[in-house]
Amino acid sequence: MDILAGLMQGFQVATTPTALGMCMLGVVLGTVIGVLPGLGPPATIAMLLPLTMKLEPTGAMIMLAGIYYGAKYGGSTTSILLNVPGESSSVVTCIDGYQMARKGRAGPALGMAAIASFIAGTFGVVALMLIAPMLARVSLAFSSPEYFALMVMGLAMVVLLAGNSLVKALLAMLVGLWVSGIGTDLFTATSRFTFGTVQLLGGVDFVVVAIGLFALGEVLGNMEPADPPKMLPVPKGLRNLLPTWQDMKRCRFAFVNGSVIGFLIGVLPGAGATIASFISYGIEKAVSRHPEEFGHGAIEGVAAPEGSNNAETGGALVPLLTLGIPGSSTTAILLAALILWGFKPGPLFIQDSPQLFWGLVASMYIGNVVLLILNLPLVAVFAQLLRVPAHILNPLILGVSVVGVYASGSSMFQLGLLALFGLVGYLMRKLDYPCAPMVLGLVLGDPMERALRQSLMMSQGSLAILLRPIPLTLLVVAAALLAVPLFRKSNALRVQMLDREEA
Amino acid sequence: MTMIRLCAAAAAAALALGAPALSHADWKPTKPVDIIVHTGPGGGNDLLARAVVTMMEQEKLVPVRMQVLNKPGGNGAVAAAAIAEREGDPNTLGFITSVWLAGPLTTKEQKVTVYDLTPIAQLLKEPAVFAVRADSPYKTLRDFIEAAKAHPGALKQSGGSITSRDNIVREQLEHATGAKWAYVSFPGGGARLAALLGGHVDIMVIEPQEAGENVRAGKLRVLAQISEKRLPKWSDVPTLKEAGFDITPTPQIRGVVAPPKMPAEAVAYWIGRFEKLHHTASWKKYVEQNELEDAFLPGQEFEKSMQETSRELKEQFVKAGIKVVR
């Protein structure tokens with residue numbers, strides 16, 4: 001009853017003309033910065049922070065949150081069309097999204113990204129509204145041992161991201177883990193693998209690696225043959241571009257998977273949208289009836305990660321609004337904004353400022369609808385981009401990549417790294433090494449190492465701390481994941497033997 | 001005759017002295033000003049820089065636009081190098097914290113340090129408090145220390161990197177009392193607090209503002225404050241000295257620097273602007289809301305304060321067994 005009354009109050013706040021306007025402004029801005037690689041929500045929200053001081057706080061918060069979840073919608077666009085991840089949480093979308101585009105199915109991929117985002121984004125808001133305070137308490141049970149096991153499970157997903165050879169995938173993952181170790185060690189303040197350079201003290205930015213491996217590697221690979229592979233034509237008309245009923249049915253499970261996984265991982269302050277998208281992709285492939293289609297343009301491979309990175313927004317707001325704990329740089333800025341406006345974020349925030357909380361929740365329902373209406377017609381516009389001939393498209397991808405990387409740090413060193421990883425990506429393609437496991441290792445390596453060392457510090461060096469119920473369950477799942485290919489192999493052998501015996 | 005000469009000489013001297021003073025006052029930025037910070041968007045220094053930009057704008061103190069430029073990496077090393085590259089530029093500033101002083105002590109790679117830059121002003125000192133969960137058995141810091149003595153290494157504190165203030169205070173307390181407890185590093189303040197609230201660690205050093213809300217909600221208890229004198233909102237909580245521990249914590253400072261060889265008139269201009277800012281109502285409100293300590297010091301005095309902090313940090317690092325490279 002309280003929730004219903006709160007929501008009514010929230011809609012009263014969120015449907016005033018000013019609040020509606022701020023919501024629209026936020027989600028449109030969010031979509032734009034989502035589409036542009038390099039420029040992400042943290043930088044944009046930080047830039048707008050001084051401007052919001054002149055605004056009424058509820059409206060300002062509605063706008064800033066709009067940018068936050070709006071960017072998750074836009075992030076998939078360049079991933080699908082150009083193989084350039086628009087946001088870090090859209091890296092996984094490149095794998096199947098870009099393959100769909102090459103087969104002339106860019107429209108359904110873009111459309112599905114928007115629909116999955118809408119469904120999971122709305123789920124995230126419902127969950128935020130209904131179970132936020134309860135869930136926040138549960139999330140505190142999650143600490144370093146639990147995070148370590150979660151990251152190990154994430155790494156075990158490598159068997160699902162592997163192409164033809166598991167050995168090559170594991171090698172690529174190990175290189176990713178090594179790259180994630182570059183930089184200053186948190187625990188001892190010593191530098192590792194910095195080769196004496198100042199720029200590597202901060203580590204290697206995973207977005208630079210992802211853009212290099214995926215986008216640059218792809219461009220270099222495409223330019224090589226004298227007769228480049230033709231992209232299949234894009235059909236005309238919005239109706240022919242949107243996902244079919246068949247597609248929707250295929251993605252039924254992906255919607256649930258993305259929504260639940262994204263929200264749950266979002267609630268944990270130590271994980272994030274990127275990890276959520278990888279894990280939901282892995283789960284999708286693990287339970288799929290046709291796993292062989294993944295990596296070659298399976299539409300569920302777009303729906304699951306795009307859904308989960310939107311549900312994550314609702315989840316990430318749980319610790320922020322109910323405990324005053326930010327889990328990412330974006331939520332850290334929102335926290336600072338709340339303090340600047342004179343609010344007191346913390347355990348009593350919702351009780352003290354119901355108007356802001358419920359106004360925000362209501363605006364997120366509205367914002368997600370607006371984003372769906374905004375993004376579906378855009379599919380028609382963006383999909384036409386693929387009609388551009390290769391001799392224009394390839395330099396375009398190169399340009400977008402370079403500008404994106406430069407925009408995020410305005411540093412020439414980062415561009416050098418981009419070129420290096422582009423070359424690595426090209427060689428990996430030539431030698432048939434999959435790129436996704438390397439990115440996976442890079443994303444998970446640092447948090448995994450940290451969590452393990454924290455756990456051991458807590459337990460005075462005893463590994464028994466990893467045998468608590470949650471970590472143990474996750475580790476067993478990881479072991480099972482790793483055993484799947486072995487099982488498949490032995491099964492295949494057995495079938496062969498049986499065949500021979502019969503013959 | 002001599003009288004006239006004397007007068008003329010005095011006038012000339014006055015002119016000679018007065019003329020440059022006049023031109024000091026004349027310099028004003030004409031181009032947008034970049035403020036370089038060492039964290040990404042959302043980091044502590046980034047947020048302070050953006051708040052200062054907003055206040056400068058509100059109070060109409062600077063005639064041009066000011067923008068924040070993020071140069072993250074290496075605990076200030078990348079940002080320091082970026083500021084040094086702009087030698088002589090009067091339109092660039094940088095915001096520093098104690099991290100910039102600790103970084104070079106442990107990092108060989110760092111070539112440019114804060115002492116290669118031009119000091120403009122110290123702005124703030126950041127106090128902190130020791131907090132435990134509200135249901136914790138420790139009512140005073142003494143209780144905690146006694147428990148740590150009884151079970152060496154069993155109690156845990158969450159905090160940042162080992163070169164951060166959180167760990168240095170722990171080392172000082174351990175040294176003074178002979179107690180031993182574990183220190184678990186977390187990269188973000190959110191994770192540190194979550195570990196404490198979830199019962200995975202026993203104590204943490206936390207910003208007063210953040211602690212306040214959790215005390216009000218009945219989640220945390222504050223045992224002692226790490227500041228020279230009691231903070232206005234925590235008048236019933238003892239400082240470390242009052243709690244019976246004779247240690248002087250190294251203060252956590254924040255301040256403004258500029259590129260090397262910035263023209264003297266620009267240096268004078270910026271010192272003047274920040275001095276003015278620190279007298280404004282917006283600044284006072286900001287300091288109060290965030291429970292900080294106003295600690296303005298101009299140019300040379302700021303440099304002295306930094307040198308003192310560096311010296312103390314080095315001493316503490318050596319005591320703590322952290323490898324010091326310079």
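This is a predicted model: local features need pLDDT of at least 70, side-chain atom pairs count only at pLDDT 80 or more; totals for chains, interfaces and linings use all residues.

Biologist: Fine. What is the secondary structure of chain B?

Modeller: Chain B has 11 helices and 11 strands. Its C-alpha atoms fill a box of roughly 85 × 45 × 40 Å along the principal axes.

Biologist: And how much of chain B is buried?

Modeller: Buried residues come to 50% of its 326 residues. As for contacts in chain B with a separation of 6 or more, 78% of them link residues 24 or more positions apart.

Biologist: Which domains does the assignment give for chain B?

Modeller: Domain 1 covers 26–125 + 251–320, and domain 2 covers 128–234. Taken over C-alpha atoms, their centres are 28 Å apart.

Biologist: How many residues of each are in contact with the other domain?

Modeller: 11 residues of domain 1 of chain B meet 11 residues of domain 2 of chain B. On the domain 1 side, helix 4 (99–106) and helix 11 (299–320) of chain B are the elements that give two or more residues.

Biologist: Nice. Let's switch to the core. Which residues touch the most other members of the largest nonpolar core?

Modeller: Val439(A), Leu440(A) and Val129(B) do, out of 262 residues in that core. Helix 6 (residues 106–139) of chain A gives the largest share, 17 residues.

Biologist: Why does the core lie between the two domains of chain B?

Modeller: Because domain 1 and domain 2 of chain B both give residues to this core.

Biologist: What does Val439(A) touch?

Modeller: Leaving out residues up to four places away in sequence, Val439(A) touches Val91(A), Gly176(A), Phe206(A), Val209(A), Ala210(A) and Leu213(A).

Biologist: How many residues are in contact between chain A and chain B?

Modeller: 45 residues of chain A are in contact with 49 residues of chain B. On the chain A side, helix 3 (41–52), helix 16 (329–340) and helix 21 (436–458) each supply at least two residues. Helix 16 of chain A gives the most, with seven.

Biologist: OK, helix pairs. At what angle do helix 2 and helix 4 of chain A pack?

Modeller: Helix 2 (residues 17–35) and helix 4 (residues 57–82) of chain A pack at about 30°, with axes 5 Å apart. Angles under 35 degrees count as roughly parallel, so helix 2 of chain A is roughly parallel to helix 4 of chain A. Their crossing is right-handed.

Biologist: Where do the axes of helix 5 and helix 15 of chain A come, and at what angle do they cross?

Modeller: The axes of helix 5 (residues 91–102) and helix 15 (residues 300–323) of chain A come within 8 Å and cross at roughly 145°. That crossing is left-handed. From helix 5 of chain A, the contact uses Val92(A), Thr93(A), Ile95(A), Asp96(A), Gly97(A) and Met100(A). Helix 15 of chain A answers with Gly301(A), Val302(A), Pro305(A) and Glu306(A).

Biologist: Back to chain B. Which residues of helix 8 are buried?

Modeller: In helix 8 (residues 208–216) of chain B, the buried ones are Pro208(B), Glu210(B), Ala211(B), Glu213(B), Asn214(B) and Val215(B). Their cover includes strand 5 (128–133), helix 7 (189–197), strand 8 (203–206) and strand 9 (220–226) of chain B. After helix 8 of chain B comes Gly218(B), with a positive phi near 75°.

Biologist: And Phe195(A), what is its phi?

Modeller: Phe195(A) isn't a glycine, but its phi is positive, near 50°. Phe195(A) lies in the loop between strand 2 (191–192) and helix 10 (206–223) of chain A. With 9 other C-beta atoms within 10 Å, Phe195(A) is exposed.

Biologist: Where is Asp432(A) found?

Modeller: In the loop between helix 20 (412–430) and helix 21 of chain A. Asp432(A) is not a glycine either, and has a positive phi of about 65°. Asp432(A) is exposed, with 10 other C-beta atoms within 10 Å.

Methods
Residues are numbered from 1 along each chain as its sequence is written. Chains are lettered from A and ligands numbered from 1 in the order in which they are written. A nonpolar core is a set of buried Ala, Val, Leu, Ile, Met, Phe, Trp, Tyr and Cys residues joined through C-beta atoms within 7 Å. A residue is buried if 20 or more other C-beta atoms lie within 10 Å of its own, exposed if 12 or fewer, and partly exposed in between; C-beta atoms are placed from the backbone. Helices (H or I, at least four residues) and strands (E, at least two) are DSSP runs, numbered from the N terminus. Domain bounds come from an automatic or database domain assignment. Two residues are in contact if their C-beta atoms, placed from the backbone, lie within 7 Å. Axes are lines fitted to C-alpha atoms, for helices over the stretch in contact, and angles run from 0 to 180 degrees between N-to-C directions. Angles under 35 degrees count as roughly parallel, over 145 as roughly antiparallel, 65 to 115 as roughly perpendicular and the rest as oblique. A crossing is left-handed if the near helix is turned anticlockwise from the far one by less than a right angle, and right-handed if clockwise.
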